[in-house]
Amino acid sequence: MPLYLCVSPKSTIAQPDKQRISEAITDVHCQVTKAPPEFVHVFFFEAGQVQALENFLGAPMNEEGHLLLGNIRSGRTEETKLALVGGMRQKVAEILAVGLSEVQMLTRDIEAKWVMEGGDLLPEPGEEAAWLEKHKQKMETATA
Amino acid sequence: MIRCVCFLQEGQIPQPVVDKLGAGIHHIVTEYGLGNGVDINWIIVPKGQGWTAGKPSTSSVITLTTPPIEQPQRIEILNALCDLWTDNTGCQLNEVVATVMPAA
């Protein structure tokens, strides 16, 4: 978590651009939230590819433009959410050389205490550094 | 009906193992008294379409929606899901993201 889903019309994003977009989304997320990149997942789909996605999205998939759906931890301020949405839409539009209006984005808040990653409940926003340090120590101990 | 959505990376987990995971999710739902059945949607992330930390992803993302439950029970279920994945798939814990959340 966060999980960003990028749903686009068929064959509209070249593979190298997907890598650039995944890096850009990760960079924006980490710059805005100060979260470590290890948390950031970006999955790409083409519209109509997976019917089950619509259930997960909670909305019909966009058949024309590009849709980003971000499942992010709750507790982010509106200012932070606006920075995430604005920054990611801008980067994706630049990479794809399309107008900003062709990149839509929604975010959905998920409570940190609902999510386990790496065997630990996720930290609340702002507590990532301490969590990551503790988590890395735990993983090192487990593999020692 | 309880719902579960699982994102898997294409080619990472063989179908017989996916079947075991499905059976395991059913068992967890029953064991914790969450409901009589679970509707599982497997969403396969096509090869080369999943990224974690800007690199090719090997992560599984599991989201189970449940009736309202207390946090201690939620943690038990989250641990059970993580154990199910690591015991059956060979994934490391860092490759498993599990969410147990109330139905909207």
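Q: Let's begin with helix H1 of chain A: what do the buried residues of H1(A) pack against?
A: Keep in mind that this is a predicted model. The buried residues of H1(A) pack against strand E1 (3-8), strand E2 (41-46) and helix H3 (78-96) of chain A, together with E3 of chain B. So that you can find them on screen, the buried residues in H1(A) are Ile21(A), Ser22(A), Ala24(A), Ile25(A), Thr26(A), Val28(A), His29(A) and Thr33(A).

Q: How many residues does H1(A) have, and what span is expected?
A: Helix H1 covers residues 15-33 of chain A, 19 residues in total. From its first C-alpha to its last, H1(A) reaches 27 Å, close to the 27 Å expected at 1.5 Å a residue. Just after H1(A), have a look at Lys34(A), which takes a positive phi of about 65°.

Q: Next, strands. Where do the side chains of a strand go?
A: In a regular strand they alternate between the two faces of the sheet. Now try E1(A). On one side you'll find Leu3(A), Leu5(A) and Val7(A), and on the other Tyr4(A), Cys6(A) and Ser8(A). Both faces are covered, with these residues all buried.

Q: Why is E1(A) said to be largely enclosed by the rest of the structure?
A: Count the buried residues: six of the six in E1(A) are buried, so the strand is largely enclosed.

Q: And how do strands of a sheet pair?
A: They pair through backbone hydrogen bonds, either parallel or antiparallel. One bridge to click on links Leu5(A) with its partner Phe43(A) in E2(A).

Q: What is the strand order in the open sheet of six strands?
A: Follow it as E6(A)-E5(A)-E6(B)-E5(B)-E1(B)-E2(B), with mixed pairing. The edge strands are E6 (120-121) of chain A and E2 of chain B, and each pairs on one side only.

Q: How many bridges join E5(A) to E6(A), and how many join E5(A) to E6(B)?
A: Two bridges join E5(A) to E6(A), and these strands run antiparallel. Glu117(A) has Asp120(A) as its bridge partner in E6(A). Across the chain boundary, three bridges join E5(A), residues 115-117, to E6(B), again antiparallel. There, Val115(A) is partnered by Thr99(B).

Q: How is the size of an interface often given?
A: Often as the accessible area lost when the parts come together. Here we'll count residues instead: 27 residues of chain B are in contact with 29 residues of chain A. Strands E1 (2-9), E2 (38-45), E3 (50-52) and E6 (96-102) and helix H2 (71-89) of chain B each give two or more residues to the side that touches chain A. That side of chain B divides into 15 nonpolar, 11 polar and one charged residue.

Q: Let's zoom out. What pattern does chain A follow along the sequence?
A: It reads β-α-β-α-β-α-β-β-β-α, with four helices and six strands. Buried residues make up 37% of chain A.

Q: Finally, what confidence does the predictor give?
A: The complex gets an ipTM of 0.95 and a pTM of 0.92. Chain B has a mean pLDDT of 95, with 100% of its residues at 70 or more. Within chain B, confidence is lowest in strand E4 (residues 55-56), at a mean of 94, and highest in H2(B), at 98.

Technical notes: Residues numbered from 1 in each chain as written. Chains lettered and ligands numbered in written order. Predicted model: local features only at pLDDT ≥ 70, side-chain atom pairs only at ≥ 80, totals over all residues. Contact = placed C-beta atoms within 7 Å. Nonpolar A, V, L, I, M, F, W, Y, C, P; charged D, E, K, R; others polar. Pairing = 2+ DSSP bridges. Expected span 1.5 Å × (residues − 1). Buried ≥ 20, exposed ≤ 12 C-beta atoms within 10 Å, placed from the backbone. pLDDT = per-residue confidence, 0-100.
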